[in-house]
Amino acid sequence: MSGFHKLFHNNPGGCDGGGDDFEYSSMLASLFLKDDDDFAAAPPQEAAFFVDQHVASSVMLTHQVAPGHQPLAPTPAEVVTGSGGCRGTGRSRKRRFQADDNELAAAVTVGSTATRRAPSRSPSSDGSGEGNDTVGERGGGRRVWVRVRSKQWWNHLSDPACPEEEFRRAFRMPRAVFDKLCDDLAAAVAKEDTTLRAAIPVPHRVAVCIWRLATGEPLREVSRRFGLGISTCHNIIIQVCAALTVVLFDRVVRWPESSDSLASAAFMFEAVSGIPGVVGAVHTEHIPIVAPREWAGKYYDRRLTERNQKVTYSVAMQAVVDANGTFTYVYTGPGSLCDSAVLEKSGLGRRFEAGEMLHGELGEDNGQWGRQQPHRLVGGKSFPLTDWMLVPYAHPNLTWAQHKLNERVAAARGAARGAFRRLRARWRCLRHPIELKLPDLPNILGACCVLHNLCERGGSGLDADLLLHDDLFDDDGVVVADTMPSAAAEHARDRIAHDLLHAGNAFF
């Protein structure tokens, strides 16, 4: 919660009594004087204040019972005690006690410093002022104190009069896509109003998460821009990312569901690379993270450590991308694994071999190739050569046909590399070590993939300056040597290389 309850304002003069307008508050009237007007009007006959020079002590008001009135029954009360010295670094705590039968007790707030009533002020006309103010009185005259924060920046962007280009620049997507996203997540992220304050609206919550993912700014800057507390912003980011993953991931990041969809994906890849039957390009990117408290060895990235010249931990994010640059399959694993190990751990190969990812072969003979072509993926040299994975030649002294195949595979893989480059440029939080717990990392990466697909399919352009100085990291220099490709896979690759060399003039 961005607000806090407070009976006293902090004394800027310290504990030595820097001011002469001290005001001590008591909850005696609200606890004990409810219906007895005579007793409430009678002035206290005895009052004692005990104030130490360094620590503000408790304030106890003892009242004599007025003649003709019955003594009040003892009522449980709460005393808020504080720890710490003059600087007020201690945190308050509550202790319940039972009032004695022969005297009345009042619950007061004990601060760790002498308290001074700060003049209340309202935000200035430009919305930049901050201070402590009373929100209002809720039930029984109880005052709720919250910190007034400026929401001028967010109010400007959320205003329909805000230019579309400025809104897209801030949130990486058009306003129409943002509004549709808020409608889809409303049931998952909406909160109810309480007696203390109104809930944060859904667009406000979604905007906090998207801004944090898009800029990677620290939470205190997010808090300042949106007028919310730092812990509130952190909780909102975790909740919205989880909602994006649970509600929209399966709907947005999806594998082609039918043979016609696979045929369409193969046709687009063939138009780009000239290789028939390719339905996806595989790429693995290592996302840096802070050192985890548990299983740090599994996330220690030796290759990134050598490149950055400092100890680096990462999460390996492996994805299949279509020719349009949208993700169709995503898997995350420990950053210490190489590309082939992540592929084996993900189970993607087993699903391909079992036929779960394929819905049959191309329906008709390809006129140029004269034979049916099975569906397959393309990957780098760090992936194994299989019946469903086509990788370039890794040995030196290549023939013309082998060199031509490597060029066409690189063109097909360009869709995956371009998608990851735009992902990192659009959601800049992936460029810096992510400061989250391990259970929350898949939701953050999944939310970025969902938002990436929504922006790509919604036609949201990406500014050229965001793509500058962004180098991808992969294991293309690491050649898989511990697996022996099948003879059928090698023969199929040689045949494709031969056909590309002798029949590829129609494509280039």
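Q: How many aromatic pairs does a search of the whole structure find?
A: In this predicted model, the search finds 13 aromatic pairs.

Q: What makes Trp255 and Phe352 an aromatic pair, and why is the pair called edge-to-face?
A: The ring centres of Trp255 and Phe352 are 5.8 Å apart, and centres within 6.5 Å count as a pair. The planes stand at 85°, and an angle over 60 degrees counts as edge-to-face; the name therefore applies.

Q: Which parts does this pair tie together?
A: Trp255 belongs to the loop between α8 and α9, and Phe352 to helix α13, so the pair links parts that are 97 residues apart in sequence. Both Trp255 and Phe352 are buried. Phe352 is also included in a separate nonpolar core of 21 residues, as are Leu343, Phe383 and Leu385.

Q: How do you know that Arg175 lies over the face of Phe167?
A: Arg175 is at 4.3 Å from the ring centre of Phe167, and the distance criterion is within 6 Å. The criterion also requires a position within 35 degrees of the ring normal, and Arg175 is found to lie over the face. Phe167 itself is part of one aromatic cluster with Trp153, Trp154, Phe171, Phe178, Trp211 and Phe226.

Q: Which ring does the charged end of Lys298 sit over?
A: The charged end of Lys298 sits over the ring of Trp295, 4.4 Å from its centre.

Q: How do you know that the length of helix α15 agrees with its number of residues?
A: At 1.5 Å a residue, the 17 residues of α15 should span 24 Å, and the end C-alpha atoms are 25 Å apart, which agrees.

Q: Why is α15 described as largely enclosed by the rest of the structure?
A: Twelve of its 17 residues are buried, so the description holds. Among them are Leu441, Ile444, Cys449 and His452. After α15 comes Gly459, with a positive phi near 75°.

Q: What makes β8 and β9 paired strands?
A: Seven bridges join β8 to β9, whereas at least two are needed; the strands therefore pair, and they run antiparallel. One of the bridges has Gln318 and Tyr331 as partners. In the hairpin, five residues lie between the strands, and Gly325 takes a positive phi near 85°.

Conventions. Residues numbered from 1 in each chain as written. Predicted model: local features only at pLDDT ≥ 70, side-chain atom pairs only at ≥ 80, totals over all residues. Heavy atoms only, no water. Helix = DSSP H or I, 4+ residues; strand = E, 2+ residues; numbered from the N terminus. Phe/Tyr/Trp six-rings, centres within 6.5 Å; stacked < 30°, edge-to-face > 60°. Buried < 20%, exposed > 50% of the residue type's maximum accessible area, 1.4 Å probe, protein only. Expected span 1.5 Å × (residues − 1). Core = buried A, V, L, I, M, F, W, Y, C linked by side-chain atoms within 4.5 Å.
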